[in-house]
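Okay, thanks for having me, everyone. Let me put the structure up on the screen, and then I'll walk you through it.

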Amino acid sequence: LGLPTPATLSVPDLCCGNNSESPLFQCVLTGRWINDLGSNMTIGALNGKGEFSGSYHTAVTATSNKILLSPLHGSQHHTNQQSQPTFGFTVNWKFSESVTVFTGQCFVDEYGKEILKTMWLLRSRVNSIKDDWKATMVGMNVFTRLQSQE
C-alpha cells in the first residue's frame, strides 16, 4: 500500500528497576545510614578485598545500660561491577555483653533511592546453657541513606 514502516527507537530504561542486567544507578554502602527504628550507622570506604569498618549507634536496646557508639566490621561481596551488592557486618556492642550480625543487600529503587534490606541475629550472653534458648533474637531492618544537613 506504500505506507512507510514506523521507525523503532531503542530507548534505554530510565531507572534501575526495569533492567536488572545494567541498572543506571549503583548502590554504594559507604556513607551514613538510618533505619526504620532510628538507629544510625556509618560505613567507611571498602578496601581492595571488599572489607569495611564503621560505627553503629542504636536507637533501641533491651538493657538499662547507657547506649554507646559501637564498632562494626564487615565485607561486601565482590560484585564484578554489578550495582546491587550483598554484604554482611558484625556489631560488637560496647554497652552490653552481646554481638549482632547483619546480612543484606544494597538496592536502588525505581526512584533512584538507595535502600539496605537487612536481617540480623543478636546474641546476648547468658549465665548457663539452660538459658541458651533465650539468648538469640532475630529481626529485620531497612536502612536509607542519611542525608547530610548543610
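This is a predicted model: local features need pLDDT of at least 70, side-chain atom pairs count only at pLDDT 80 or more; totals for chains, interfaces and linings use all residues.

Eight strands close into a barrel here, with antiparallel pairing, and the order is simply 1-2-3-4-5-6-7-8. From one strand to the next, the twist averages 30°. If you're new to this kind of picture, strands of a sheet pair through backbone hydrogen bonds, either parallel or antiparallel.

Let's zoom in on one of those pairings. Strand 3, residues 51–57, runs antiparallel to strand 4, residues 70–76, and six bridges join the two. Which residue in strand 4 is the bridge partner of Gly-54? That's Leu-72.

Next up, the aromatic rings. How many aromatic pairs does the structure hold? Eight. Take Phe-102 and Phe-143: their rings sit edge-to-face, 6.3 Å centre to centre, with 65° between the planes. The angle is over 60 degrees, so the pair gets that edge-to-face label. It also links distant parts of the chain, since Phe-102 is in strand 6 and Phe-143 is in strand 8, 41 residues apart.

Are these two buried or exposed? Phe-102 has 5% relative accessibility, so it counts as buried. Phe-143 comes in at 0%, so it counts as buried too. And both belong to a cluster linked by ring pairs, along with Phe-52, Tyr-56, Phe-87, Phe-89, Trp-93 and Phe-95.

Now for the surface. There's a nonpolar patch of about 530 Å², made by Val-99, Val-101, Met-119, Leu-121, Val-138 and Met-140. Strand 6 (98–108), strand 7 (114–124) and strand 8 (136–145) are the elements that give two or more residues to this patch. Let me pick out Val-138, which lies in strand 8. Its relative accessibility is 56%, and that is why Val-138 counts as exposed. Remember that Phe-143 is in strand 8 as well, and Phe-143 is buried.

Last stop: Thr-30. You'll find Thr-30 in the segment before strand 1, which covers 31–35. With a relative accessible area of 30%, Thr-30 is partly exposed. Along the chain, Thr-30 and Leu-46 are 16 residues apart, and their C-alpha atoms are separated by 7.3 Å.

That's the tour. Happy to go back to any of these spots on the screen.

Conventions: Residues are numbered from 1 along each chain as its sequence is written. Side-chain values use heavy atoms; hydrogens and water are left out. Patches are made of residues with over 30% relative accessible area and no salt bridge: like charges are joined within 9 Å, nonpolar side chains (Val, Leu, Ile, Met, Phe, Trp, Tyr) within 5 Å. Accessible areas come from the Shrake-Rupley method with a 1.4 Å probe; for residues, only the protein chains shown count as cover. A salt bridge is a side-chain nitrogen of Lys or Arg within 4 Å of a carboxyl oxygen of Asp or Glu. Helices (H or I, at least four residues) and strands (E, at least two) are DSSP runs, numbered from the N terminus. Buried means under 20% relative accessible area, exposed over 50%, partly exposed in between (1.4 Å probe, protein chains only). Two strands pair if DSSP finds at least two bridges between them. Axes are lines fitted to C-alpha atoms, for helices over the stretch in contact, and angles run from 0 to 180 degrees between N-to-C directions. Rings of Phe, Tyr and Trp (its six-membered ring) pair if their centres lie within 6.5 Å; planes under 30 degrees apart count as stacked, over 60 as edge-to-face and the rest as tilted.
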